[in-house]
Each structure stands twice: as C-alpha cells, then as structure tokens.
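Please examine the structure shown below together with its sequence.

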Amino acid sequence: MYELSRIRLRTVGPPGARFHDVTLDLSGAGRPVGAEQGALFDATATTYRPSPASLVLLENGGGKSVLLKLVFSVVLPGRRHTVGTTNTRVLEKFVMPKDVSHIVLEWMNPLTGDLLLTGKVLAWRNQVASEVSDNLRERWYCLRPSDEISLRTLPMAVGAKSCTLDTYRDELQEEYAADQKLDLYWTRHQGDWTNRLQLLGIDPELFRYQREMNVDEGEAANWLKLDSDVKFVDFLLRAIVRSEEMDDLAALVSEHVERLASRGLLLTEREFVAGALDLLGPIVELAEAARLSRRRAEQAARDVVELGGRLRVRARNEQGEVLGQRAKVVKSQEELDELTHAADRAETIVIELRRHLADLKHKRAQRELTASERGLSQAQALMAAWRETSTVHEYDDSIAQVRALTDLIGAEEEKARPALEERDIAARRLARSLWATADEAAQTASDELKRAAAGEKEKSAAQDRAREAHRDATKAEHEAAQFDQWITGLYEDIGAAVADGLLHDAAALPRTVETVQEGRDNAAQRVTDLEREWAELADREALAHDELRKAEAEAGDLRGRRDRLTARLDEVRTQTVRLEANPRLAALLDVPDIDLERDVASLLDALNTARSEAERERTELKVAESIDEKARLALAAGDLLPPAQVISDACKALEDAKVVAVPGWCYLAAIPDIDRRRDIVERLPHLAAGILLHDPDDIDRAREVLTALRPQPTVFVPVSTTRTFIDPEAELTGGVEAVIPPHPALYDVDAAAAEHEAIDARHAVHSARAEELSTRIELDGTLTYALTDWRTRYPEGSITALTEEHAGVVREHTAAEAKVVECQELLQTHQERRQKIKEELPPLRETRDSLTKRLERLKELANRHGHLSERRRGSMQVRLVLWPSGCPRRTRRRRSPSWQQAGAWRRSGSATGI
C-alpha cells in the first residue's frame with residue numbers, strides 16, 4: 001500500500017477557496033523507508049516515509065473541504081462519490097471556463113521508497129462552462145517519476161500560459177516515448193481507472209469507506225456514538241455496501257410496504273371513486289360543454305390582452321438571445337483564431353527546440369568521441385610503455401650479469417697474477433743458478449785435478465777448497481731439493497685434480513684438456529646461440545606487440561562501429577516492431593500482419609483517408625448540432641420550437657419600426673385549444689409559417705419595412721393579420737394541391753417535449769460520436785506523425801543498407817578478433833620461448849664458467865707437466881755433479897722425496913707416460 005507524500009493543485013477550486021498552484025509537502029516526516037536500522041557508520045542518505053498523520057488548520061471557508069473533495073476525486077472516481085455531499089455537480093463549480101485544472105498526488109512505497117504519481121485533469125469542452133455535465137472533460141493518469149519528469153516539472157504550462165488538456169497529454173506522451181520507464185497510463189473511464197489503481201496497490205474501496213464515514217463534513221465521531229443495534233447495522237451496511245446497488249431494492253421495498261399498508265384505504269377509495277364517476281359522468285359532460293362555450297366566447301379578449309404582452313416579452317427575450325448567440329459566435333471565432341495562431345507558434349517553437357536539441361546532442365557526441373580518442377591514445381601509449389618494461393628489466397639483468405662476470409674474471413686474474421709472477425721469477429732464478437753451479441763445479445773439478453797433480457803440498461789448501469766445495473754442494477743440493485719440491489707439488493696438484501674429478505687419469509691429461517676444451521667451447525657456443533636467439537626473440541616480440549596493438553586498435557574501432565550499428569539497428573527494430581504491433585494499422589489495411597517497410601505509403605494514405613472521413617463526419621455532426629442547438633436551447637427553456645430565422649429577423653425589423661408583429665407559430669402556440677390549433681394549421685399553414693400583424697392599418701408600413709430588409713429572404717414569407725389568421729372561414733388560395741405537414745412541436749407542448757427528448761438523445765449520440773471521432777483523429781494523427789517521422793528517419797532501403805552494413809562490420813570485427821587471437825598466440829609463443837631460454841641460460845653459463853675454470857686449471861697442470869722432464873734432468877744433473885759415484889754413502893742415501901714419489905708412481909702405474 002502506498003502512502004501519500006505530496007499534493008499539487010493548480011487552477012482548481014471555487015472563487016472563495018481557489019488553489020492557483022499549491023503544493024502540500026507531507027514527505028520526510030515519518031520513519032525510515034523499510035523501517036530497518038542501517039550500519040553504525042553508514043554514510044548513505046536515509047530516505048524517510050511521509051507523515052503518518054497531518055493536521056490542516058484553516059478558518060471556515062479556507063478550503064479544507066475543497067481539498068478533501070479534490071484529493072478524493074482522484075482516488076475515488078465518480079461524481080456521486082464526492083466527499084461531504086451527495087450533490088453530483090460540486091466539481092463543476094471548481095473549474096472555471098478557461099481553466100485546465102490539475103490535481104496530482106505523489107505516493108511513496110514504504111518498503112522500497114519508489115514514487116508514484118496519480119493525477120486528474122479537468123477542463124470544459126471548448127473552454128465554455130455549461131449546465132450539461134458531459135461537457136466537463138475528466139482524464140485520469142499515472143506515471144513513475146524520473147529525473148526529467150517529477151511533481152514539480154510536469155508540463156502543465158508553457159511560460160505563464162496553461163497548456164490545454166490535449167497539449168498536456170501530448171507532452172507526457174512524448175516524454176513517455178523517449179523514456180519507457182515512466183510507465184505512463186491515460187484513461188477517461190472510471191472503471192478502467194479503478195482497476196488501474198487496484199493494480200498499482202491503491203485500493204479505492206478503502207477511500208470509499210472513509211468517504212462514507214466523512215459524509216457529514218468529517219463528523220466521523222458521530223458514528224462511534226451509536227445507541228442501538230439497528231443504527232450500527234445501518235452504518236455497517238452503508239459502509240460496506242454500495243448505495244447505488246441498494247437504492248433500487250430500497251425503493252421497491254418501500255413502495256411495496258406503502259401499498260400493503262394502504263391497501264384497505266385504496267380499496268375503499270376505489271369503490272368511492274367508481275360510484276362518484278358514475279354519478280358525475282353526465283355533469284362532467286355538461287360542464288365540459290359549458291367550459292368550451294365560455295372559452296370560445298372569451299377567446300378574442302384573451303388574445304388581445306394576454307397574447308400581446310407575451311409576444312412582446314418573447315420578442316425581447318429572443319432578441320437578447322440572438323445577440324448573445326452572435327456575440328458567442330464572434331468570441332468563439334476569435335478564440336479559434338488565437339488558438340490556431342498559438343498552435344502554429346508552438347509547433348514552430350517545438351521544431352526549433354528539437355533542432356537545437358539535436359544540435360546539442362551532436363556536439364556532445366563529438367566531444368565524447370574526441371575525449372574517447374584522446375583517452376584511447378593515452379591508454380595505448382601506456383600499454384606500450386608497460387609492454388617494454390620487460391625488455392628494460394631483461395637489459396638490466398644482462399648488464400648486471402656482464403658486470404658480475406667481468407668482476408669475477410678480473411678477480412680471478414688478480415688472484416692468479418702473483419703466483420704466475422713468482423713462478424716465472426723462480427724459474428729464471430733456478431735456471432741461472434743451475435748454469436752457474438754447473439760452470440763453477442766444472443771449473444772447480446778442473447782446478448782440483450790440477451792441484452792434485454801438483455802434489456801433496458797443497459793438501460791443506462785443497463781441504464779448505466773441499467770444504468768450500470762442500471758448502472757449495474750443500475747449496476746446490478738445496479736447489480735440487482727445490483726442484484724436487486716443485487715436482488712433488490706438481491704430483492700433488494695432479495692427485496688433487498684426480499681427487500676433485502677434474503682428471504680421471506694423470507696419463508689422460510692432454511686428452512682431458514682437449515675434451516674439456518671442446519665441452520667449454522660447445523657450452524660457450526650454446527650460450528652465444530641462446531643469447532642471439534634471445535635478442536632475435538626480443539625483436540620478434542616487439543614486432544608482435546606492435547602487430548597486437550594494431551590488431552587490438554582495429555578490433556576496438558570495429559567493435560565500436562558494431563556497437564553503434566547494433567544500437568541503431570535495435571532502435572530501428574524496436575520502433576518498427578512497436579509501430580507494426582499497433583492493431584489500428586492492421587485494421588486500416590485489413591491484413592493480419594504489417595510490413596512497415598513495404599506498407600508505409602499505403603498506411604499513410606489510409607490514415608489520411610480515415611482522418612479525412614472522420615473529420616468530414618465530425619463536421620457533419622457539428623453542422624447537425626448547430627442546426628439542433630437553437631431548438632435544443634429553446635426547448636430546454638420550456639418553449640416550443642422557434643420559427644425560422646428569417647421570420648424572427650423580419651419581426652425584429654418591424655418591432656424596431658414600431659409595428660406590432662408576431663410569428664404565426666408563436667401566435668398559434670398561445671391558443672389554448674389544441675384542436676383549434678390543428679384546424680388552423682390545416683387551413684392556413686402558410687400564415688402559421690409567416691408573420692401576423694395585430695393592426696391591419698400597419699400593412700403598408702410593414703410592406704415598406706420588409707421590402708427594405710437586407711439580406712432578402714430566399715423562401716416565401718407571407719404577411720397577414722391576426723384577424724385573418726383566426727377567421728374560421730379563411731382558407732388556402734387556389735392552386736395548392738397538397739401541403740407538407742409542419743412539425744407539431746411548433747405549436748404543441750407535448751410534441752415539443754417529445755422533440756426535446758429526441759433532440760437531447762441525438763445530442764448525446766452526436767456528442768459521444770464526436771468524442772470518439774476526435775479521439776480517433778487524434779490517434780490517427782499521432783500514428784501519421786509517427787509513420788512520417790519513421791519514414792523521414794529511415795528512408796526506403798536505409799534499413800536494409802543498415803542491416804547489411806551491420807553484418808559486414810560484424811564479419812570484419814570477427815576477422816579482427818581472430819587476428820588479435822593469432823597475434824596473442826604468436827606473442828605468447830615468443831614469450832614462452834624467451835622464458836624457456838631465460839631458464840636454460842643460467843645453468844649453461846654456470847657450466848661454461850665451471851668448464852672454463854676447469855680448463856684453466858688443467859691447462860696450468862698440463863703446462864707444468866710439460867716442464868717436468870726438464871726440471872727432472874736439471875735435478876739429476878745437479879746431483880751428478882755434486883755427488884759422483886765416489887762420494888760418501890751417507891750423502892748418496894739422502895735422495896729427494898720427489899724421486900721416492902716418482903718411484904711410487906712408477907710402481908703403482910699411476911704415472912704411466914710421465
């Protein structure tokens with residue numbers, strides 16, 4: 001159930017309590033929507049329900065009852081349901097002739113906070129107040145507010161001028177066509193509106209109960225002071241049973257009760273009346289004959305005294321009515337011209353506003369397109385930069401690895417440089433010492449031989465020299481020990497290499513060096529190949545990135561084109577299906593289905609033809625109404641049918657000329673005797689349809705006045721006197737064979753009443769038919785505008801071209817998406833290969849570096865091993881020189897460990913080939 005939130009009233013109400021444009025705001029004063037407590041730190045705005053109860057304080061006559069009547073007229077349709085009264089014409093007093101009255105109620109759903117607008121619009125037909133209730137047009141509508149359409153922004157006026165009911169409805173229909181979420185609904189039938197309210201969740205029955213309780217200006221408390229069961233049952237039945245459903249039954253029961261109660265009296269009365277009629281029958285006949293005689297005798301006097309005054313009054317009334325009707329015609333024509341001019345100006349304004357709106361939408365679309373393109377360029381540049389970050393990281397990693405390798409190589413070279421320098425210095429020193437020792441030893445031996453031959457005399461000197469030689473030999477032995485130590489270090493290094501797995505066999509040192517050299521070269525070549533492939537893959541990946549960006553950009557452009565074309569095609573199809581689903585179009589062509597592309601020309605022709613036929617029929621109805629209007633107004637005033645207009649104009653001209661004249665039908669109607677009237681009409685129909693003068697002396701004056709009358713009549717107008725008219729001997733002149741009987745309503749009150757009923761019936765039928773034709777013309781006009789606008793927006797063949805263009809763009813987009821996938825797969829392949837290379841390179845580099853180190857160590861051992869025989873010969877030469885076969889045993893036993901180790905190597909076979 002919805003709750004009332006706000007009320008807006010515009011140009012409605014009686015003069016003393018009128019609402020020009022008033023909004024009663026009851027919103028935001030109740031509990032929160034849904035009555036649920038939010039989170040403690042929830043920063044969202046809370047929506048509150050409307051006020052659960054409101055009090056309006058106004059002085060007497062301030063408009064409280066008017067407010068309730070207006071509000072209830074929206075939710076409880078029907079003039080018989082007006083709050084506080086049983087008068088069905090109250091609402092007619094609330095609408096002025098020029099008013100377009102609006103009563104709009106805004107409701108809120110207490111559970112969801114959704115808003116709903118229900119409204120009612122009232123306006124007099126042709127903006128002329130009337131006593132006829134049907135001339136007050138009533139329309140009900142409902143919609144759901146949006147950002148553009150709300151209670152405050154309803155298009156009730158253009159500037160300071162109120163919109164007509166039809167214009168207001170057209171404006172809302174246009175807004176509904178632009179935004180289907182409004183859920184707009186219009187109706188002019190009370191039953192349809194009641195059903196709609198029930199579907200929306202607003203129960204009119206509840207308001208009917210409230211109306212029953214407030215039927216006496218809100219004194220609901222009186223119903224709580226019931227002092228008997230009968231009154232309570234009566235109150236309960238009135239509250240839950242519709243009064244119109246029980247009125248007939250109550251009248252029937254009351255009538256039957258009265259008849260039963262007075263049955264005995266009625267029987268006695270019937271017997272009395274029957275006896276009285278039997279006795280009074282002859283007396284009545286004689287009295288009737290006497291009354292007829294008196295009436296005939298007094299006829300002339302009554303005609304002179306009474307008829308003259310009545311005719312003058314009638315003439316003055318008719319003259320005033322004619323002037324009033326002419327003024328209304330002139331005023332209606334001016335209003336029609338003003339409305340036509342206003343409609344043309346409004347149409348021009350609407351066209352210009354639509355053009356301006358389209359221009360603004362186009363500019364906004366251009367700005368959005370420029371901003372989108374600029375954002376796309378920035379996004380593409382950013383994506384390209386992010387894609388290149390991997391290359392930068394890889395480059396930084398490569399630089400770091402090169403620097404690490406360079407530092408490692410430098411460190412190893414720095415570490416090995418002192419040992420190499422010492423090795424070279426020691427080798428040069430050893431060589432110089434060996435050659436010097438050898439030369440010195442040979443020279444000493446020669447001197448010893450010479451001194452031995454010289455004799456014993458130099459024995460002491462020889463012993464001294466021998467001791468000196470011993471010291472030199474000791475020194476040479478020390479040098480030989482150094483040779484042995486170098487050889488021992490070589491064997492130890494070879495053993496360590498074998499123990500470390502660098503060398504399997506000392507005899508295979510050269511072959512191992514070649515094998516390690518080959519493995520190191522293969523590993524280095526593999527690293528070089530992978531690094532070259534890495535660089536090539538980086539170039540290919542960059543190219544793949546470029547191709548992918550191009551493909552994605554092309555796919556994005558095609559996707560945008562596809563989406564725009566899809567939206568346009570959906571819009572075209574939606575509008576086309578909505579128009580083709582209109583049953584009016586199928587009925588016009590009498591076909592089961594409509595193909596708008598094929599049938600639009602035929603539909604426009606059929607609509608134009610239907611509108612022309614409806615307008616022609618409506619014009620005919622208006623002409624028939626205008627013909628009956630004067631007679632209807634005259635009969636509504638209680639008179640007979642008026643005479644022809646030319647007769648009335650002639651009588652007015654004679655009255656202005658001071659000639660007493662009266663239409664024959666008016667004079668005839670004043671004769672009380674109906675039989676006499678019929679007799680006169682049969683004898684003198686031409687005089688009854690003409691002009692009668694009271695004074696025969698005024699005939700010449702009347703002839704002058706009527707001869708000068710302009711415009712001249714187009715029918716025969718006889719002029720005679722009242723004396724001739726009532727002469728029982730007067731008859732038609734010769735030559736007239738037959739006369740069309742005139743309408744009896746011209747002189748007979750009963751016939752006039754019957755004619756009044758017939759004219760009222762025709763008026764009701766014509767009004768209903770005219771309303772139906774107006775609605776059809778309006779709907780056909782809307783359909784014509786919709787079809788013309790559809791044809792203008794989508795010329796012949798444009799929908800097919802749009803469909804083909806959409807299909808082509810879809811195919812191109814599919815191909816572009818496939819190309820994007822292909823580029824992504826290629827890029828992924830390159831990236832996977834680079835990742836694989838990235839995983840393979842570190843172990844290969846480690847293998848290459850380890851093989852390089854092993855090769856350097858093996859080469860160093862091989863180089864030292866290559867000088868082994870030379871060092872061994874030097875050591876043997878030193879020992880042969882210092883310790884010949886004749887030297888003491890103790891000295892010969894002191895052999896170098898290197899010789900012992902060499903012997904061990906030879907015995908174990910580990911030094912084969914050394």
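The paragraphs that follow describe this model part by part.

The model is predicted, and local features therefore require pLDDT of at least 70, side-chain atom pairs count only at pLDDT 80 or more, and totals for chains, interfaces and linings use all residues. Residues are numbered from 1 along each chain as its sequence is written, and side-chain values use heavy atoms, with hydrogens and water left out.

The chain has 23 helices and 11 strands; these are DSSP runs numbered from the N terminus, with helices (H or I) of at least four residues and strands (E) of at least two. Of its 914 residues, 31% are buried, where buried means under 20% relative accessible area, exposed means over 50%, and partly exposed lies in between, with a 1.4 Å probe and protein chains only. The accessible surface comes to about 57,000 Å², and carbon and sulfur atoms contribute 56% of that area; accessible areas come from the Shrake-Rupley method with a 1.4 Å probe, and for residues only the protein chains shown count as cover. Among contacts with a separation of 6 or more, 73% join residues 24 or more positions apart, a contact being heavy atoms within 4.5 Å.

Strands of a sheet pair through backbone hydrogen bonds, either parallel or antiparallel. Here the sheet is open, its order is 2-1-3-4-5-8 and its pairing is antiparallel; two strands pair if DSSP finds at least two bridges between them. Strand 2 (19–25) and strand 8 (185–187) are the edge strands, each pairing on one side only. On average, neighbouring strands of this sheet are turned by 15 degrees against each other, direction ignored; axes are lines fitted to C-alpha atoms, for helices over the stretch in contact, and angles run from 0 to 180 degrees between N-to-C directions.

The pairing can be followed from strand to strand. Seven bridges hold strand 1 (residues 3–12) antiparallel to strand 3 (residues 100–108), and E3 has M108 in strand 3 as its bridge partner. Strand 3 is joined in turn to strand 4 by nine bridges, again antiparallel, with V100 bridged to A123 in strand 4. These two strands form a hairpin with six residues between them, and G113 in the turn has a positive phi of about 80 degrees. Strand 4 continues the antiparallel pattern with strand 5 over eight bridges, where L122 stands opposite E138 in strand 5. Because nine of the 10 residues of strand 4 are buried, this strand is largely enclosed by the rest of the structure.

Helix 3 (residues 190–200) lies across strand 4, strand 5 and strand 8, at about 20 degrees to strand 5.

What is the size of the largest nonpolar core, and which residues touch the most other members? This core has 32 residues, and L9, L70, W107 and I202 touch the most other members; a nonpolar core is a set of buried Ala, Val, Leu, Ile, Met, Phe, Trp, Tyr and Cys residues joined through side-chain atoms within 4.5 Å. Strand 1, helix 1 (64–75), strand 3, strand 4, strand 5 and helix 3 each give two or more residues to this core. Helix 1 gives the most, with seven residues. Leaving aside neighbours within four places in sequence, L9 is in contact with F19, H20, D21, V22, L67, L70, H102 and I103.

The structure also holds four aromatic pairs; rings of Phe, Tyr and Trp (its six-membered ring) pair if their centres lie within 6.5 Å, with planes under 30 degrees apart counted as stacked, over 60 as edge-to-face and the rest as tilted. Y168 and W186 form an edge-to-face pair, 6.2 Å centre to centre with 80 degrees between the planes. This pair links distant parts of the chain, with Y168 in helix 2 and W186 in strand 8, 18 residues apart. Y168 counts as buried because its relative accessibility is 0%. Ring pairs link Y141, Y168 and W186 into a cluster.

A further open sheet has three strands in the order 9-10-11, with mixed pairing. Strand 9 and strand 10 (residues 691–693) pair in the antiparallel sense over three bridges, and A661 stands opposite L693 in strand 10. Helix 13 (residues 645–656) lies across strand 9 and strand 10, running at about 25 degrees to strand 10.
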